[in-house]
Number of protein chains: 4
Amino acid sequence: MRNAKTHDTVVHGMQPEDTPELRALYEGFEKESLIPLWTQLGDLMPMHPKPKAVPYVWKWNRLLPLAKASGDLVPVGRGGERRAIGLANPGLAPNAYISPTLWAAIQYLGPKETAPEHRHAQNAFRFVVEGEGVWTVVNGDPVRMSRGDLLLTPGWHFHGHHNDTDNPMAWLDGLDIPFSQQMDVGFFEFGADRVTDYATPEFSRGERLWAHPGLRPLSGLQNTVSSPLAAFRWVHTDQALTEQLALEDEGHPATVAPGHAAIRYTNPTTGGDVMPTIRCEFHRLREGAQTVARNEVGSSVFQVFDGQGAVVLGGERTTLEKGDMFVAPSWVSWSLEAESQFDLFRFSDAPIIERLDFMRTYVEG
Amino acid sequence: MRNAKTHDTVVHGMQPEDTPELRALYEGFEKESLIPLWTQLGDLMPMHPKPKAVPYVWKWNRLLPLAKASGDLVPVGRGGERRAIGLANPGLAPNAYISPTLWAAIQYLGPKETAPEHRHAQNAFRFVVEGEGVWTVVNGDPVRMSRGDLLLTPGWHFHGHHNDTDNPMAWLDGLDIPFSQQMDVGFFEFGADRVTDYATPEFSRGERLWAHPGLRPLSGLQNTVSSPLAAFRWVHTDQALTEQLALEDEGHPATVAPGHAAIRYTNPTTGGDVMPTIRCEFHRLREGAQTVARNEVGSSVFQVFDGQGAVVLGGERTTLEKGDMFVAPSWVSWSLEAESQFDLFRFSDAPIIERLDFMRTYVEG
Amino acid sequence: MRNAKTHDTVVHGMQPEDTPELRALYEGFEKESLIPLWTQLGDLMPMHPKPKAVPYVWKWNRLLPLAKASGDLVPVGRGGERRAIGLANPGLAPNAYISPTLWAAIQYLGPKETAPEHRHAQNAFRFVVEGEGVWTVVNGDPVRMSRGDLLLTPGWHFHGHHNDTDNPMAWLDGLDIPFSQQMDVGFFEFGADRVTDYATPEFSRGERLWAHPGLRPLSGLQNTVSSPLAAFRWVHTDQALTEQLALEDEGHPATVAPGHAAIRYTNPTTGGDVMPTIRCEFHRLREGAQTVARNEVGSSVFQVFDGQGAVVLGGERTTLEKGDMFVAPSWVSWSLEAESQFDLFRFSDAPIIERLDFMRTYVEG
Amino acid sequence: MRNAKTHDTVVHGMQPEDTPELRALYEGFEKESLIPLWTQLGDLMPMHPKPKAVPYVWKWNRLLPLAKASGDLVPVGRGGERRAIGLANPGLAPNAYISPTLWAAIQYLGPKETAPEHRHAQNAFRFVVEGEGVWTVVNGDPVRMSRGDLLLTPGWHFHGHHNDTDNPMAWLDGLDIPFSQQMDVGFFEFGADRVTDYATPEFSRGERLWAHPGLRPLSGLQNTVSSPLAAFRWVHTDQALTEQLALEDEGHPATVAPGHAAIRYTNPTTGGDVMPTIRCEFHRLREGAQTVARNEVGSSVFQVFDGQGAVVLGGERTTLEKGDMFVAPSWVSWSLEAESQFDLFRFSDAPIIERLDFMRTYVEG
């Protein structure tokens, strides 16, 4: 990491003189669909990750009005499928990627609207920063969406949404679309033009089977690639974080760092991540707490759920409030500061990085 | 299994004539600590498991008075450690084994008594069929014991018990003592003569960290051999079973068989069994339901938690009521019949059998 | 896959009329670094993988002269590091990627030349279609390179090459550079400007420890991410394939399909792939044999090692001879036909696809 | 381990006075098949493993004549199945167990004799200390048995033996019979009264498919519980050990301790032990080398394959020569001393102990 000798200083070692023979050689390469390594090594194999994606912050109070305007101007329906507005990393233009692996969007559903059913190989979740009244129907199982909830729609599960109320609702969609598109792994299939079940139960069938701590149904002993529990309710998340801080107050190990409570959402059949490509976590900082600056391989997206604070992202400090989102691309350092109790939802591509053994972390100091 | 040709009919194939030379050979064997296979094959390698352990039923209304009498006559304290009365399988006398792998006992703790702390390599749990008011202190963390709760004390965790009330309390202790003793894997260490913490919190610290469905503390990302969640509360178990039957009523897959709800207690870091040697489950049958007769490798112990019914065990039917316990040794068929809603706690050595790839199941019909 | 209703036919469902308000909205999106999903769904989430990479064949007899010319014109040394000529998929221009995940190059090392040591997070291997006389020094262990051998240089292992002879040598380099570059996981460090050990042993220390079938050194009981056996010799590969075909002749199951012998190179500590991102295999077809057409998620590269035959790639047939290489991008069908005994080395990104649970296969007929 | 306060010194804490009431209580226990813990804790839960099995040495020159006499006096055939003479640990009489988990026997097969086919859930292997000329037929695949070879017959594989020569042959059989018998997991089935294939190939089909270092047939990608490679040849074992010592001589890490080379036989589909219950290893000590004394949970059996040396077993030293066998029961310390180059085969129940998380090791000094 700290090797003084970089590509920049030594890269000219293999640059031969420009001669007619060399030009003929390079023309031969081009004709045969060949490209020499020695002319582009530094870009192909940097000393550490040098992402095109840039660290970036989106402000909720500027996003939301645009989402509302979309609700007025753009119908939702078959073909476009979703009134979803992607957060496009400026470094990755013209793609609507928030990072090379992740897609993040604000989805907006007006009163009584339905987003039709489909399924795709891509893994998806919804996180609700505000609102109430939409149900996501996942493989026929209606799942209520309420503030603070995390809802999964893992790969190849049919899903649609409908708004049961007279108010619009907006939420965060997260997917592995950029990974899927670049790695050519995506499949897609249309389903019902409406949702298959307009019931509005308080709890989905998946929760009724699986949301019991440490208890596994005997009808569900087969491990699954993604979590069969597809709704993680705010009441549980909030309680888990509250207890961690209370235990810390009582002098017991519980938090991940002083003043910093955090949980990871998991697949109860394995204890691992909820989906093969996306990690989801929730972090709570006490007022005044701050995290150590970290560099990590892979990219993370945060959304402020509550409270006030700031992020120092690649050395630049930005204040944050409810709904604000930011992305930390690979190996860009980030740290958080809490001005009040500060709650943040986080998702990342860490399962990709870890499963392929590319994870490294550098912690300052 | 159904091979007509058994050891009994062919075993004489290798029995040589009794001659002086043969006798000399057999004396030579004895002198050199040798035993020929051909004189004992049928016993060593039966056609299917032929356990010395017998199927057996213990009636709660006969156990409990003896436990109470022990409370009057036998002090609890260092050395004996526990006022625990082992259910001794008649086929395994003179050992206090309920099966070749499992130990089951009624432990009885009088008003204000303390059972001192110790730890051992053996894995243990407590299941509470009745009562309230005792706390188990596990590695310094006081865990309330109440009706319907499952409490773990995994191998090499210090633990003691104290009764905070003016009433005695009795519960079921389950351990892998017979396995440990026969396989020579046990270690033991004394701890405090009292318990290290007489606090009586409603929830243990382990629960406060871990009993949130699907949520894993970031301070607990290392997988553990045994469940870090060491208290499974009745309210959750009851709700999980109630939901399974309700889902069945609504026409959805949820139960393990019609009218038969069941959960397995799991280690949230892996989704697997709570301890390396002991599986714990809870089963609920609707009134009138019955299970198919099953033969399984390995042994299981059941305790009726509520309701009325019967077990057919190795072909013999016994009626059961609250607190009654029975053991199904390896390959002895068992089935349950429910006269009312019928709730049973079950524990078994299935993790041993499965991890060593010896599991087989035979289901009738 | 065969859904008649495609994005193309229904994609206009969400295209609103072009109004000043809509234009203002779209300008607002642009200003805030947002891109709506409904304008680009079909491209982002195709019905099945639609790779930009194209199926493509490179002919050895056109590559080799260019490699030789490079040997004359381009010095090898620090900075450029390797005289390696990348096979650049025309669909992925201007990148030198053979597929979105994989990099393949011909490396050429002249008499007595040295390619200096470095290490990188990217995983690499060499496969030798022809020649002798170069040693790769991996973490200080010199590994002979000979025709038919597969040599690994897993992520973050120092490695350099030196040619001990008076003849040049060319071979195939395979790496996960495109994956690493796009996903931002790469690290790089320069090592010695020469190789650290110019010894030319017949067998590397890694082989002497690990190349004994089924035998694991007690000093190597820790599982490793990549194979500690880093040289797979042709004599073993050839014998394994010969035996499979002989067993088939004798009427026993051994081949993967009639007339089709194949082995996968594995990590002996796990039985899994040799490196976390790259699968390596060797295939042998009997004269006249052909494989069924397959579509697979992920990309594969083949090099003909010996014999004559053809590939049908995305419906187009190309004849192949020794040294020829081709790439089958994701979900492009491929099949092989053997005119003589036909030997091919194959590498692919299947470990990436499988570990992230995106693998699907479609076999014709 | 070193806790001064042992059960012996404190066990009397819970012994109540002998009164008529107490006697009545104990009679009640007996009538109800109950046994109190407090009268037997020290035996049930010792401070560390206190095996009934004793450390013991069997001398080959005393075993072999008895095996030969058996060959004259006892026919081999259906019913008894094998002319196998079990090494019976004196501490485990009257059972023919060498340890609580393991069975070891000398099997003797006369000229042209056949031991009929059968299969059982128990896992078995053969190790050949001397001789040649017998084939074991495993699921129809004839496997040559020669000096230094390890041959597997994993659970539920049919197997029989036949001697193709005019000379008798004796070898070591190892099984998990005691574990199976005590844990009630055994099944047994008779097969052909002869072996199903009298061919005498040099290499079995399993070897032809699997005995290629690091190469896995594509027809064998499914992981298996036991090793599909069922013959481990002396030539490979010897070479692996020779290379380890040569590497040590050259100054490289390779041996498990100075002068101590060792390999573990593994399942190539997983890199783990060859069978779920039995670990097999081979150890070679240089002349003059000795191992540190170790206590381990679980039991091990050694057979001297070549050379001269000694074992210090539970503090007692015994000299050893070719063919001699000894058992180290759980937590009994053992160390080896080599007077010449000293080769030993070892098998143990470590997979049982490790999979159930009971392993501990104590190394002196």
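**Reading strands, chains and domains**

Tutor: Let's start in chain B, where β7(B) pairs with strand β10 (residues 159-163) in the antiparallel sense, over five bridges. Keep in mind that we are looking at a predicted model.

Student: Which residue of β10(B) stands opposite Val138(B)?

Tutor: To read a pairing, pick a residue and look across to the other strand. Here, Val138(B) faces His159(B) in β10(B).

Student: With which other strand of chain B does β7(B) pair, and over how many bridges?

Tutor: Strand β8 (residues 141-146) of chain B also pairs with β7(B), again in the antiparallel sense, and this pairing counts six bridges.

Student: What happens in the hairpin of β7(B) and β8(B)?

Tutor: The hairpin leaves two residues between the strands, and Asn139(B) takes a positive phi near 45°.

Student: Is strand β7 of chain B enclosed or open?

Tutor: For this you count neighbours: a residue is called buried if 20 or more other C-beta atoms lie within 10 Å of its own. Strand β7 (residues 132-138) of chain B has five buried residues out of seven, so the rest of the structure largely encloses it.

Student: Let me step back to a whole chain. How many helices and strands are there in chain A?

Tutor: Chain A has eight helices and 24 strands. Its radius of gyration is 23 Å, close to the 21 Å that the globule rule gives for 365 residues, so chain A is as compact as a globular protein of that length. Along the principal axes, its C-alpha trace spans about 75 × 55 × 45 Å.

Student: What share of the residues in chain A is buried?

Tutor: Of the 365 residues in chain A, 56% are buried. Taking contacts in chain A between residues at least 6 apart in sequence, 75% join residues at least 24 apart.

Student: How is chain A divided into domains?

Tutor: The domain assignment gives domain 1 (7-44), domain 2 (56-220) and domain 3 (232-363). The centres of domain 2 and domain 3 of chain A, taken over C-alpha atoms, are separated by 21 Å. Their contact takes 30 residues from domain 2 and 29 residues from domain 3 of chain A.

Student: Which elements give two or more residues to the side of domain 2 of chain A that touches domain 3?

Tutor: They are β2 (56-58), β6 (124-127), β9 (150-153) and β11 (169-175) of chain A. The largest share, three residues, comes from β2(A). By class, this side of domain 2 of chain A has 18 nonpolar, seven polar and five charged residues.

Student: Now for the copies. What relates chain A to chain B?

Tutor: In general, two copies of a chain are related by a rotation about an axis and a shift along it. In this case, a rotation of 180° with 0.0 Å of shift along its axis superposes chain A on chain B, with an RMSD of 0.0 Å. The two copies are thus related as by a two-fold rotation axis.

Student: How many residues does the contact take from chain A and from chain B?

Tutor: Each of these two chains gives 37 residues. On the side of chain A that touches chain B, α7(A) gives the most, with seven residues. That side divides into 17 nonpolar, 15 polar and five charged residues. Also, 100% of the interface residues of chain A are interface residues in chain B, so the copies meet through the same surface.

Student: Which strands pair across from chain A to chain B?

Tutor: β15(A) pairs with strand β13 (residues 215-217) of chain B, antiparallel and over three bridges. Within this pairing, Leu215(B) is the residue opposite Tyr265(A).

Student: And how many residues are in the contact of chain B with chain D?

Tutor: There are 84 residues from chain B and 84 residues from chain D. Helix α4 (residues 60-73) of chain B supplies the largest share of the chain B side, six residues. Its class make-up is 52 nonpolar, 20 polar and 12 charged residues for the side of chain B that touches chain D. Strand β1 (residues 34-36) of chain B and strand β3 (residues 84-87) of chain D run antiparallel, joined by three bridges. Leu34(B) has Leu87(D) as its bridge partner.

Student: How far apart are the nearest C-alpha atoms of chain B and chain C?

Tutor: They are 17 Å apart, and these chains do not touch. Chain A and chain D do not touch either, with their nearest C-alpha atoms 17 Å apart.

Definitions and conventions: Residues numbered from 1 in each chain as written. Chains lettered and ligands numbered in written order. Predicted model: local features only at pLDDT ≥ 70, side-chain atom pairs only at ≥ 80, totals over all residues. Helix = DSSP H or I, 4+ residues; strand = E, 2+ residues; numbered from the N terminus. Rg over C-alpha atoms; globule rule 2.2 N^0.38 Å. Buried ≥ 20, exposed ≤ 12 C-beta atoms within 10 Å, placed from the backbone. Contact = placed C-beta atoms within 7 Å. Least-squares fit on C-alpha atoms with pLDDT ≥ 70 in both. Nonpolar A, V, L, I, M, F, W, Y, C, P; charged D, E, K, R; others polar. Pairing = 2+ DSSP bridges. Domains from an automatic or database assignment.
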